Structures are given as C-alpha cells and as structure tokens.
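Can you walk me through how to read strands and sheets in a structure like this one? I'd like the general idea first, then the case at hand.

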Amino acid sequence: MNQRLTEAPSWHALQAHYDKIKDIQLRQLFADDPNRGDRLAAEAAGLYLDYSKNRITDETIRLLVQLAKERGVADRRNAMFRGEKINITEDRAVLHVALRAPRGTQIKVDGVDVVPEVHAVLDKMAAFSGRVRSGEWKGHTGKRIKNVINVGIGGSYLGPEMAYDALRTFTDRAMKFRFVANVDGAAFAEATHDLDPAETLFILSSKTFTTLETMTNAATARRWVVNALKSDAAVAKHFVAVSTNAQGVSKFGIDTANMFEFWDWVGGRYSMDSAIGLSTMIAIGPKGFEDLLAGFHDMDEHFRTAPLEKNLPILMGLLTVWYNNFFGAQTIGIMPYADNLKRFPAYLQQLQMESNGKHVSLDCQQVNYQTGPIIWGEPGTDGQHSFYQLIHQGTKLIPCDLIGFCKPLSEFTDHQDLLMANLFAQAEALAFGKTAEELKAAGSPDSQTPFRVCEGNRPTNTILAEQLTPRVVGALVALYEHSVFTQGAIWAIDSFDQWGVELGKVLATRIIPELQSSAEPKLKHDSSTNTLIGRYRSLRG
C-alpha cells in the first residue's frame, strides 16, 4: 500500500461522485426508489442494519467497496485472523478474535496455537466465578462475598463497566458490582462507602501490575481491607489479579493461583472478553459469558466471510470514511435506545478514538486527510431533550447510529413501544425534516414558520436486535471493533497502538514528586505549568 490514499483512483472517483451528489436529498432518494428501505439493509449475528437513511446511492456503495478493495481491507483482515503482527509499531499480533474462538479452532502466533491457552484461562475463570457465586469462596472472616469491585483503567475499566450495565438484567442481584478507575480518591470512597470489607472482593486489572492509577487505587483498597480486618493475610482472600506480572502480584499479597493471565496480542480496548471480563463472568455466570463470546464470534465470522457489500462492519466503516473524509463531518453520535447501554458511547469513544486517533500512516508518512472522528452520545430518549436540537436544526452535519431492541428487558411493554416509537420517529425526522410549506399547511403561524423548519437530510444508521442479551452485546461490540478496523485499513494507520496516551503518563511521573515534595521544588516546565503547580501547592496547603 505504497500509494497515498488521496492518490488512489477510487478516491478520485469518490471525490467526483461526492461533488455530483453532495446536495442530494433523502426525500428525493426515497421518492425515486420506493424499495430503498428494504434494499439498503443487511443482517448478521442477530443484528439488522438499516443504512438507507444515508446520503448515498448504489454508486456510492460501489465506489466505497472499490476503495476497500484497492486499500487491501480484506487482505489486512485476513492477516489479522492469521495472527500476523499487524501492529507494526509494537511488533505484535492483533488477536482479540482468538479470545472468542471456539475450542478446536487453530490460530497461531509465532508458530504457537493460542486457542488452547485462551480456553485454559476461560476454564480457570469459570471455576473461580462458580466458587464466588455459590458462596464457596469466602472472605478472611468466613463471610460470603457479596460485593465485587473491579479496579482498572481504560479498557480494563470501561469494558467491564459497560458490560455490567448492559447485562445487569442477567446478573446475580444478590451481589453488588462496582468499578473504580479514576485516581481521584472520591471514586474509591464512593465505591466503598456502604460496603463491608469482610464481604468485598477486589479484582485488580493491570497487565503489567505497574499502571499508576490502578496501583494507586489498589494500594488504597489494600489499606481499606487490612485496616478493617486487622491482618495482612486478608489480602489473599479479598484480592485477585488480572495480570501477567506474577512477581508483582505475589508481592502485593495475592496468591498467583488467583492470577488470571492475558497476552500482549490483546489490546486493552479489545480485552473485555479476556480475563479482563472476570467481573462480567462473576456477574452473569459462566454460561452467560459463554453466550457473550458466542455473539462476538458470530460477528467475527460474518466479518471474515461475508462479501464486502453485505458485510455489516465493512459497510459501517466505509460510511464513516464517506462522512469523515468527503462531507468533513467531525463526529458520530451513538444513540442507544436502551438505558442499559448508557455506557456504550463511552466504551466506543475509547475503542474508536484511541484506535484511529493517528496522524502518521503505516509507512511513516504524515497523513493529509482526516482520520478518526469524535465519538459521543447518550441513550435515547434522554438525548432528545438536550442535544438533538442541534442535530436537527444546527449547522453541523452529525451522522448518528440509533440502536434499538424489539423486546424489552422489563415487564413494561408499553414503555418499550414508546421508546421504539421515538427511535423510529427521530430517524424519520432527521432524514426528512419538515418544510415551510408543510408547516404552513398544518397551520403554523408565519412568524414561527422559519424557526420551525427542519431541513432534514441528516444521515442515520439504525441497528435493530430482538433483545439486549449477552449474545447480542457480543455481536454489537464486535460490529464496532471491526468497523474501526475497516476505517484504519482505509486510512493506512496502525489502529492498535496508543503512543499519545503514553506521553501524558510520562509527564505525570515527572510532576508527581514536584507536587508531593515538602521543600519548594525547582520547576523547569513552561511558565504556565510552573504557575499552575505553584498555585496548586499553595492552595493545597
């Protein structure tokens, strides 16, 4: 892929096509094609994608698919599934797909089949989860574990928290699950204020067991338990680790028999179905976790085998490229019409923005085009009463994904009908709007009409599933994982490193002693940072 993206023939063809149809109206597209809503849809792994309300024609899809072929998306996908080291800056394979591969599948890294290792860890997780859920595992004083607190950061936090919220209907309601990531002490205090240390289990999730924020919270948790239970020996019964650092885990006081491993070919933001998901497995049980993995694998197989033009992740990735690079859209709104998915937009923020927030291509060239969009969102119907106003009548183009479910998780079916009526109505209103003529015909006063006009032509994808089950959650997450992969392959960037994250960590380690020193430190930062540090030290006292 030596050719620059903007020099590719399909890119030039797409630019010419965009110039031709950029002002096309969705009203006209639907009027010209009564079957458009049926045709521009695809289905796989329990998910139905309606992409008909996008500013595209059949020619748009043909050209985008041609771009994917020209950019070698399928070849890069196949290399990932083969275990090749496509994370070139860290010389690592990218094999989150191996985490949900069925027993007997063979996926090799450096000549070693990793699938048996994956299932060995899953079996160990299942055995431990069963002991906690049944009450066999007891705390230091002999009390049953009723509370589980996952301590991590980034993917080690966002994935487990999102999964717990999404699947709370399927969890053991006799137990409480909390999640701590922020190094702000208030986060730990709030998570533990109403809990009994004798009934609380901490899962410390850190691959290296050195991550500053995680280990700071871990040390606080250790003090909280030991001070309450009056024994260092309590640590072994109230802490387990998800890590690869056996020495660090043992030094902390955790029996390494209670350490659950994962591998350097699992990126943090792709790890919720690895041992990082231990809290999820305890919450929903090993069978529920097995269903979650099955949903991931369903979408993996679809992504791996389906034709590009009917491939859900590839279609969504290509549509992101279309709006990001040709319309100049800066953001994508994620609007799940399910309260249980309230953390899903935040989860996708990390997945998308940490993966594709890059400015250098795989061949070390500065890119001359936009890469990853900004991801944001809130559940419907909450967002309809806040930011939807800007999407409908503002001056910015904001493509949105609306996610809904046909069966409720509660007995209040009338609520589900109202919820989904809002999803369908918003997609319709965003697409077709309301003209001045229509408003006047409906009796709108002339003085109000200009303010009430909604131009429409705002693009959306609608994703429907039968119900928000573990299997569907797995498929939904994998859908976005592979959409992100598709975008990165088009842009020729490494979607699996995160060097920008590392810079802030390094600078923080320099500043910490300057804040904690009893003597006035000699500061060597810029004038702004020096002033801020001085002001902090003064006000902190």
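Q: Which way do Phe239, Ala241, Val240 and Val242 point from strand β8?
A: Phe239 and Ala241 point one way from β8 (residues 239-242), Val240 and Val242 point the other way, and all are buried. Buried means under 20% relative accessible area, using a 1.4 Å probe and protein chains only. Strands here are DSSP runs of E with at least two residues, and helices are runs of H or I with at least four, numbered from the N terminus. Keep in mind that this is a predicted model: local features need pLDDT of at least 70, side-chain atom pairs count only at pLDDT 80 or more, and totals for chains, interfaces and linings use all residues. Residues are numbered from 1 along each chain as its sequence is written, and side-chain values use heavy atoms, with hydrogens and water left out.

Q: How do I read strand pairing, and in which sense do β7 and β8 pair?
A: Strands of a sheet pair through backbone hydrogen bonds, either parallel or antiparallel. Two strands count as paired if DSSP finds at least two bridges between them. Strand β7 (residues 200-205) pairs with β8 in the parallel sense over four bridges, and Ser205 stands opposite Val242.

Q: What joins β8 to β9?
A: Two bridges do, and these strands run parallel. Val242 stands opposite Phe260 in β9. Between β8 and β9 the chain passes through helix α11 (residues 246-252), making a right-handed β-α-β crossover: with the strands pointing away from the viewer, the path from the first strand over the helix to the second runs clockwise.

Q: And in which sense do β1 and β2 pair?
A: Antiparallel, over four bridges, with Ala42 opposite Leu49.

How values were computed. Buried means under 20% relative accessible area, exposed over 50%, partly exposed in between (1.4 Å probe, protein chains only).
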